[in-house]
Amino acid sequence: MNSVSLRHFLRKKNSTPLSLLFSSHGSSSSQNIKRMTNTHKSLGILSLISHTTDCTEKRQTHLRLIQDFLQIPTNQFTQKRGADDFARSISLEESLNVLETNFLKEEKSRVDASALSRALSLCSSSRSLKSGVQFHCLAIRTGLVGNVYVGSCLISFYSKCCELYNAYRVFEEMTVKNVVSWTAIIAGFAQEGLVDGCFELYSLMRNSTLKPNDLTFTCILSACTGGGSLCRGRTAHCQAIEMGFDSYVHVANALISMYCKCGNVEDACHIFERMDGKDYVSWNSMIGGYAQHGLAVQAIDLFEEMKKQRVKPDAITFLSLFSSCRHSGLVKQGQFYFNSMVEYGVKPELDHFACMVDLLGRAGLLEEARDFIVKMPIQPNAIIWGSLLSCCRLHGNVWLGIEAAENKLLLEPESAASHLQLANLYASVGCWDQAARVRKLMKDGGLKTEPGCSWVEVRNEVCRFRAEDWSNGGLAEIAAVVDSLADHMGSLGYDLNHVVTDDDL
């Protein structure tokens, strides 16, 4: 992979170049820049903190961050003083100033790679881009940026903050790379669904003196799962078998998810049955795979077998179980398992309530679904009202659909699709003034619906199709196939002059 062309491609992912991330935003940063004589001229420690930032709700998060950072040997730093100074601060900017005082001024030579790596890991977990960039600056100032573990943490940090271009830039500039570094950048590409990029990096890694580990294959399989690339996934499976990683539980779990989501539930089942030491992720992945393919009976049977094996189900287990029931119309079974959640110490969350609403609505029990929402012990979200709305459109209950759409819009006023659905519902019952009002709200707010997208894998290549996209090079061939299908439908007696719209649903 050519690094120049790769970076040009990654720029299209809307990442912010490091030079902009490190640019100064206020007078308070200028003094810091003067002290950082050994760093790049564009870097500015503490420069990203805006004076207008509301940090009240982030205070405890950053308290944990700094306290973890301060957990280094007592002969290197007086932890209590740093923690007490931070606890008295009231904003993120003041908290980082404590770090500057303690580390950059007085104890800068005693900051070690382990503490810095832990701090960056916490920034990754909290997706705190601004804080993480400050630690990147600290790594540059102290010379720890060249440490392979710090560099790997920086790659993971930028990847999880959706800054893949900058993650790759850090990776590219590392003088020493290990398997953790390679796996971190492959994981970043996998997160963005860049399957080809993952395999190109994997190939470069194999050509180096390093060998991939089990986590490397987990990341590659994750990319194949997200991209729906079955052939690529099979290739990764073969490589895992060749290197002996297919017997690792987390690799086998990734294989089950990949095969299920790529449409091959039979191979997923084969892997599951041959696994030794299945964990709850293994069971959940297989039950979820059955649910995705509408195999409710198999999903329920596997759940019962899971209980016999004394594997405790969790929230994800029940979510997969409800999903299988709703796709197969098994209302009684779904209600039974929902009521049994408390027996396993699992508290129903919004996703579980949404599945139950969809289960009742798909079965035509719309009033029961509405009553279920009203009696919920927690506030319903937009997804729950959206489920009821979709079911109302499916069964033609316009007035209840209008109620669901109105409630959904109260929670998601920027949703263009909900506005359009509500306008169509009003129009279907002749409420033209209301329909016009909703469409005016869309126009005034500049709301537009996103075109739908689908994809199919043909000859090892994933082809994507977007509605109203006329740039597809194979459009003529696609039109010819559609015309052929239309002729065949016409010969079978279907009325091709009737166009199904949202109103028909």
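Asp267 counts as partly exposed, at 26% relative accessibility, a class that lies between buried (under 20% relative accessible area) and exposed (over 50%), as judged with a 1.4 Å probe and protein chains only. The model is predicted, so local features need pLDDT of at least 70 and side-chain atom pairs count only at pLDDT 80 or more, while totals for chains, interfaces and linings use all residues. Residues are numbered from 1 along each chain as its sequence is written, and side-chain values use heavy atoms, with hydrogens and water left out.

**Overall make-up**

- The chain holds 27 helices and 2 strands, where helices (H or I, at least four residues) and strands (E, at least two) are DSSP runs numbered from the N terminus.
- Of its 505 residues, 43% count as buried.
- Taking contacts (heavy atoms within 4.5 Å) between residues at least 6 apart in sequence, 62% join residues at least 24 apart.
- The chain exposes about 26,700 Å², of which carbon and sulfur atoms supply 52%; such areas come from the Shrake-Rupley method with a 1.4 Å probe, and for residues only the protein chains shown count as cover.

- In soluble globular proteins, nonpolar side chains tend to be buried together.
- The largest nonpolar core here has 113 residues, and those touching the most other members are Ile185, Ile186, Met286 and Leu388; helix H15 (residues 249-261) contributes the largest share of this core, with 8 residues.
- A core of this kind is a set of buried Ala, Val, Leu, Ile, Met, Phe, Trp, Tyr and Cys residues joined through side-chain atoms within 4.5 Å.
- Once residues up to four places away in sequence are set aside, Leu388 touches Val357, Leu366, Ala369, Arg370, Ile373, Leu400 and Ala404.
- Ser387 sits in helix H23 (residues 382-395) and is buried, with a relative accessible area of 13%; apart from neighbours within four places in sequence, Ser387 is in contact with Ala354, Val357 and Asp358.

**Nonpolar surface patch**

- Val456, Val458, Phe465, Trp470, Leu475, Ile478 and Val482 make a nonpolar surface patch of about 610 Å².
- Patches are made of residues with over 30% relative accessible area and no salt bridge, with like charges joined within 9 Å and nonpolar side chains (Val, Leu, Ile, Met, Phe, Trp, Tyr) joined within 5 Å.
- Strand S1 (453-458) and helix H27 (475-491) each supply at least two residues of the patch, and H27 gives the most, with 3 residues.
- Val458, which belongs to strand S1, counts as partly exposed at 40% relative accessibility.

**Salt bridges**

- Side chains of opposite charge can pair when their charged atoms come close.
- The count comes to 8 salt bridges, each being a side-chain nitrogen of Lys or Arg within 4 Å of a carboxyl oxygen of Asp or Glu.
- Arg234 and Asp267 meet in one of them, at 3.2 Å from N to O; because Arg234 lies in helix H14 (residues 230-243) and Asp267 in helix H16 (residues 265-274), the pair ties together parts that are 33 residues apart in sequence.
- Glu406 forms a salt bridge with Arg437, with the closest N and O atoms 3.7 Å apart; since Glu406 lies in helix H24 (residues 398-411) and Arg437 in helix H26 (residues 432-445), this pair ties together parts that are 31 residues apart in sequence.
- Salt bridges that share partners also join Arg326, Asp358 and Arg362 into one network.
- Arg169 and Glu173 pair at 3.3 Å between the closest N and O atoms, and both lie in helix H10 (residues 164-173), 4 residues apart, about one turn of the helix.

**Loops and cysteines**

- Arg127, in the loop between helix H7 (113-126) and helix H8 (129-142), has a phi near 55°, a positive value in a residue other than glycine.
- Arg310 has a positive phi of about 60° although it is not a glycine; Arg310 is placed in the loop between helix H18 (296-308) and H19 and counts as exposed at 80% relative accessibility.
- Gly329 lies in the loop between helix H19 (315-328) and helix H20 (331-339), and its C-alpha atom is separated by 9.8 Å from that of Gly364, 35 residues apart along the chain.
- The structure holds 0 disulfides, a disulfide being a pair of cysteine sulfur atoms within 2.5 Å; the sulfur of Cys162 is 7.5 Å from the closest cysteine sulfur, in Cys161, which is too far for a bond.
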